[in-house]
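Welcome, and thank you for opening the viewer. Take a look around first, and then follow the stops below in order.

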Amino acid sequence: MDAGGLPAVAVVEQQSQELLRQLSSGGVEELLRRGLHRRERLHRRVREAQGRARELAEGLAEAEAGLCHRLRGAQADAQRLRGRRQELDTELCQAQGSLGTARDRTQALRRALQELQEQLQQNQDEEDEEHSLPPDVYVAQLYYEISRIDWDCSAEPGRIRGVHYGPDIAVPLDLDGAQHSGTFVSDFLWGLVPTEWRARRPPVLPREPLAP
């Protein structure tokens, strides 16, 4: 190469002669056929690659669509589960409130049952005590519950003395058995018993004893 950067004349002639020999020997056609064959193979590979790429793109789009559908379904399920959880929380609160009310009622029923059992036991004890009393003492207590008369057992023989607690006032009694018959005394005492049952009032004691 000279100072101007151009190849030497001898080199250009040599390359020109070599090119002419190849053209005259038919080597160029072989090279062209090879180039065309390589180009065709390259185009075929490009088309195959484009087909595979298209299939991959379609598969990717289908997979993406399926994934979006599943994602929407999962979101709907999650929303439904959150709603169900809220319902269960509400039902749980209501059940806890009902359970507390049931516990309170159960405790109240247990207390009422215990009180009833105690009352029944007390009544049973009183009945047992009444049945265990001697007959004369039982009759005296029964007569007192009917007549409301407290007898003065310290009175002299033949004297009938005590206090009758009537519905309004307390009336002292002082009868002489020698001056009245037994029928009179019995009728008088039974006449003090009221025929209508009323709650007993606190007695009002008179200032002076009363006698028939």
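Begin by selecting glutamate 156, which is partly exposed because its relative accessibility is 43% (buried means under 20% relative accessible area, exposed over 50%, and partly exposed in between, with a 1.4 Å probe and protein chains only). Before going on, please note that this is a predicted model, in which local features need pLDDT of at least 70 and side-chain atom pairs count only at pLDDT 80 or more, while totals for chains, interfaces and linings use all residues. Residues are numbered from 1 along each chain as its sequence is written, and side-chain values use heavy atoms, leaving out hydrogens and water.

**Stop 1: a charged network**

Arginine 161 is partly exposed, with a relative accessible area of 25%.

Next, select aspartate 174 and arginine 159. Here the closest N and O atoms of the salt bridge are 2.7 Å apart. This pair links distant parts of the chain, since aspartate 174 belongs to strand β3 and arginine 159 to strand β2, 15 residues apart (helices are DSSP runs of H or I with at least four residues, strands are runs of E with at least two, and both are numbered from the N terminus). Aspartate 174 is partly exposed at 32% relative accessible area, and arginine 159 is partly exposed at 30%.

Now show Glu156, Arg159, Arg161, Asp174 and Asp176 together: they are linked in a network of salt bridges.

**Stop 2: the sheet**

Switch to a cartoon view. How many strands form the open sheet, and in what order? There are 3, in the order β1-β2-β3, with antiparallel pairing (two strands pair if DSSP finds at least two bridges between them). β1 (149-151) and β3 (170-176) are at the edges with a single partner strand each, so one side of each has no neighbour in the sheet. From one strand to the next, the twist averages 25° (axes are lines fitted to C-alpha atoms, for helices over the stretch in contact, and angles run from 0 to 180 degrees between N-to-C directions).

Color strand β2 (residues 159-165) and β3: they pair in the antiparallel sense over 7 bridges. These two strands make a hairpin, with 4 residues between them. Select valine 163 to find its bridge partner in β3, proline 172. Glycine 162 stands opposite leucine 173 in β3. On the β1 side, 3 bridges join β1 to β2, and aspartate 150 stands opposite valine 163.

**Stop 3: a helix on the sheet**

Select helix α4 (residues 182-191). This helix packs on the sheet and touches β1, β2 and β3 (contact means heavy atoms within 4.5 Å). Its direction makes about 180° with that of β3.

**Stop 4: along helix α2**

Finish with aspartate 77 and arginine 80, both in helix α2 (residues 27-132) and 3 residues apart, about one turn of the helix. Their side chains meet in a salt bridge of 3.9 Å, N to O. Which of the two is exposed, and which partly exposed? Aspartate 77 counts as partly exposed at 39% relative accessibility, whereas arginine 80 counts as exposed at 52%. The salt-bridge count comes to 6.

Conventions
Salt bridge = Lys/Arg side-chain N within 4 Å of Asp/Glu carboxyl O.
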